[in-house]
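Student: Please take one part of this model and look at it closely. I would like to see how its residues sit in the fold, and I would rather have one connected explanation than a list.

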Amino acid sequence: MRIDIVTIFPEFFSVLDVSLLGKARKAGVIDLGLHDLRDFTYDRHRTVDDTPYGGGAGMVMKPEPWGEALDSILYASELRKTEPVIIFPSPAGEVFTQAIAQELATEQHLVFGCGRYEGIDQRVIDYAATRGRVRLLSLGDYVLNGGEVASMVMIEAIGRLIPGVVGNPESLVEESHSDGLLEYPSYTKPPAWRGFEVPPILLGGNHGAIAAWRHEQQLDRTRRVRPDLLDQGPVE
């Protein structure tokens with residue numbers, strides 16, 4: 001998968017060089033392109049924002065550098081004959097979920113546009129929609145200083161679902177949200193630690209009983225912590 005990121009803070013994404021995603025990059029499973037938006041400006045101050053039309057507090061990111069940055073990325077995508085998905089993290093977008101992560105993990109090319117200040121000129125989003133599929137995605141009902149943190153979260157969630165990134169694909173199957181429920185609690189050795197015991201059922205070797213216990217733990221945890229997930233449909 002090819003992932004391009006447009007940002008005024010490219011150094012923020014140095015974390016992509018470590019852990020599983022770093023290994024995936026070195027192995028060629030993920031091809032990453034970082035683009036500093038200020039490289040597409042022409043004034044000596046490398047200005048990327050201006051005052052909003054209609055008044056109001058804050059500044060809005062200018063369309064000109066965004067247009068040039070997107071053109072440089074999407075031209076290469078057109079040469080590869082791949083349709084990009086252009087993602088703008090935004091509190092005005094649809095909530096990012098595990099299902100969306102799974103969907104995006106099947107794409108060939110993702111472009112993340114990291115807004116700052118009061119956001120990006122709407123014409124940039126409208127223009128991007130003429131060059132690819134645009135998704136406005138939100139991490140939740142709160143506001144961040146910019147799109148970098150949200151993009152990093154989404155890249156982590158999407159990237160680990162790409163075949164070849166996680167060493168044991170079976171470890172992805174029973175995670176929280178993979179089946180609409182939260183994950184069951186996990187235990188390892190020793191069987192007793194500081195007065196806390198591993199549930200005896202996990203020590204007995206009855207895999208059918210263990211599977212049933214784990215499913216019940218998922219249901220119980222979801223009822224207590226995220227009952228809204230159960231409202232989305234029947235869970236057996």
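Tutor: Ser19 is found in helix α1, which covers residues 19–26. This is a predicted model, and every value below is computed from it. The phi angle of Ser19 is positive, about 60°, although the residue is not a glycine. Is Ser19 buried or exposed? Its relative accessibility is 57%, so Ser19 counts as exposed, the cut-off for that word being over 50%.

Arg194 is not a glycine either, and its phi is positive, near 50°. Arg194 does not sit in a helix but in the loop between β8 and β9, the latter being residues 196–197. Arg194 is exposed because its relative accessible area is 70%. The backbone has another detail to note at Pro190, which is joined to Lys189 by a cis peptide bond with an omega of about 5°. Pro190 belongs to the loop between α5 and β8, and β8 spans residues 192–193.

From these local details, turn to the sheet. Which strands make it up, and in what order? Five strands form an open sheet, and its order is β2-β1-β6-β5-β7, with parallel pairing. At the edges are β2, residues 31–36, and β7, residues 133–138, and each of these pairs on one side only. On average, neighbouring strands of this sheet are turned by 30° against each other, with direction ignored. As background, strands of a sheet pair through backbone hydrogen bonds, in either a parallel or an antiparallel way.

Arg2 has Asp31 in β2 as its bridge partner.

Leu136 lies in strand β7. Its relative accessibility is 29%, so Leu136 counts as partly exposed, a class that lies between the cut-offs of 20% and 50%. What does Leu136 touch, if neighbours within four places in sequence are left aside? Its contacts are Phe88, Ser90, Gly93, Glu94 and Ile125. Strand β5 covers residues 85–95, and β5 stands next to β7 in the order of the sheet.

Ser77 gives a way to go on from Leu136. The two residues are 59 places apart along the chain, and their C-alpha atoms are separated by 20 Å. Ser77 is also one of the contacts of Thr82, along with Gln108 and His109, again leaving aside neighbours within four places in sequence. Thr82 lies in the loop between α2, residues 63–79, and β5. Although it is in a loop, Thr82 is buried because its relative accessible area is 13%, and the limit for buried is under 20%.

Next come the charged side chains. How many salt bridges are counted? The count comes to 15. One of them is between Arg223 and Glu216, at 3.6 Å from N to O. Arg223 has a relative accessibility of 43%, so it counts as partly exposed, and Glu216 is partly exposed as well because its value is 41%. Another salt bridge joins Arg226 and Asp228, whose closest N and O atoms are 2.9 Å apart. Arg226 is partly exposed at 31%, and Asp228 is partly exposed at 34%.

Arg2, Asp4 and Asp31 form one network, joined by salt bridges that share partners. Asp4 and Arg2 are both buried.

Last, consider the surface. Which residues form a nonpolar patch there? They are Phe9, Phe12, Tyr142, Leu144, Val149 and Val153, and together they have about 490 Å² of accessible area. Val149 is found in helix α5, residues 147–159. Val149 is partly exposed because its relative accessible area is 39%, and this value meets the patch requirement of over 30%.

Terms used
Residues numbered from 1 in each chain as written. Predicted model: local features only at pLDDT ≥ 70, side-chain atom pairs only at ≥ 80, totals over all residues. Heavy atoms only, no water. Patch = residues over 30% accessible without salt bridge, like charges linked within 9 Å, V, L, I, M, F, W, Y side chains within 5 Å. Areas by Shrake-Rupley, 256 points an atom, 1.4 Å probe, with all protein chains shown as cover. Salt bridge = Lys/Arg side-chain N within 4 Å of Asp/Glu carboxyl O. Helix = DSSP H or I, 4+ residues; strand = E, 2+ residues; numbered from the N terminus. Buried < 20%, exposed > 50% of the residue type's maximum accessible area, 1.4 Å probe, protein only. Pairing = 2+ DSSP bridges. Axes fitted to C-alpha atoms, helices over the stretch in contact; angles between N-to-C directions. Contact = heavy atoms within 4.5 Å.
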